[in-house]
Amino acid sequence: QVQLAESGGGLVQAGGSLRLSCAASGRRFSAYAMGWFRQAPGKEHEFAAAISTSGGTTYYTDSVKGRFTISRDNAKNTVYLQMNSLKPEDTAVYFCAASTRIITSAQAMGARSFYNYWGQGTQVTVSS
């Protein structure tokens, strides 16, 4: 069983930055692919970014490419999402997810079904 705890959300003005963190329990963090999803009010869950077990492969949805960076520190059991140039449309609850499944492609990490475990989420609000 893996427990995930997100932190770092908050209120920021458009153009600003935030860094989200997701701390994972357990001793096998380095074996999990990790992802970030988000859900805006009244909308479906949306994939944002993912990273492979070693950190060598990353994958982003088009709307965040060039603005968001996902990274991980396996020694600290933590994955990060650095968000720059934030826009009001980035406002959402951001969820961290972990997967024990084999990575068949970077695109496969963009599917909700790829992930086994989910955090509770952290709110990000971007004001215009």
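Arg72 lies over the face of Phe29, 4.5 Å from the ring centre. A charge is taken to sit over a ring if NZ of Lys or CZ of Arg is within 6 Å of the ring centre and within 35 degrees of the ring normal. The charged end of Arg112 likewise sits over a ring, that of Trp118, 5.0 Å from its centre. The model is predicted, so local features need pLDDT of at least 70 and side-chain atom pairs count only at pLDDT 80 or more, while totals for chains, interfaces and linings use all residues. Residues are numbered from 1 along each chain as its sequence is written, and side-chain values use heavy atoms, with hydrogens and water left out.

The structure holds six aromatic pairs; rings of Phe, Tyr and Trp (its six-membered ring) pair if their centres lie within 6.5 Å, and planes under 30 degrees apart count as stacked, over 60 as edge-to-face and the rest as tilted. Phe114 and Tyr115 are an edge-to-face pair because their ring planes stand at 85°, with the centres 5.1 Å apart. Tyr115 also forms an edge-to-face pair with Trp118, at 6.0 Å centre to centre and 65° between the planes. Ring pairs link Phe37, Phe47, Tyr59, Phe114, Tyr115 and Trp118 into a cluster. Tyr115 has a relative accessible area of 6%, whereas Trp118 is partly exposed at 26%.

The strands provide the next part of the picture. Helices (H or I, at least four residues) and strands (E, at least two) are DSSP runs, numbered from the N terminus, and two strands pair if DSSP finds at least two bridges between them. Four strands, in the order E1-E3-E8-E7, form an open sheet with antiparallel pairing. Its edge strands, E1 (4-7) and E7 (68-73), each pair on one side only. Inside the sheet, six bridges join E3 (residues 18-24) to E8 (residues 78-83), and Ser21 stands opposite Tyr80 in E8.

The largest nonpolar core has 29 residues, and those with the most contacts inside it are Met34, Trp36, Val79, Leu81, Met83 and Tyr94. A nonpolar core is a set of buried Ala, Val, Leu, Ile, Met, Phe, Trp, Tyr and Cys residues joined through side-chain atoms within 4.5 Å. Among the elements that give two or more residues to this core are E3, E7, E8 and strand E9 (92-99). Leaving aside neighbours within four places in sequence, Leu81 is in contact (heavy atoms within 4.5 Å) with residues including Leu20, Trp36, Phe68, Ile70 and Tyr94. A second, separate core of eight residues includes Ala33, Phe37, Ala50 and Phe114. In soluble globular proteins, nonpolar side chains tend to be buried together.

Two further positions complete the account. Phe95 is placed in strand E9 and counts as buried because its relative accessibility is 13%. Not counting residues up to four places away in sequence, Phe95 touches Trp36, Phe37, His45 and Trp118, among others. The C-alpha atoms of Phe95 and His45 are separated by 9.2 Å, although these residues are 50 apart along the chain. Thr61 is placed in the loop between strand E6 (58-60) and E7, and touches Phe47 and Ala48, again not counting residues up to four places away in sequence. Thr61 and Lys76 are 15 residues apart in sequence and 26 Å apart in space, C-alpha to C-alpha.

Methods: Buried means under 20% relative accessible area, exposed over 50%, partly exposed in between (1.4 Å probe, protein chains only).
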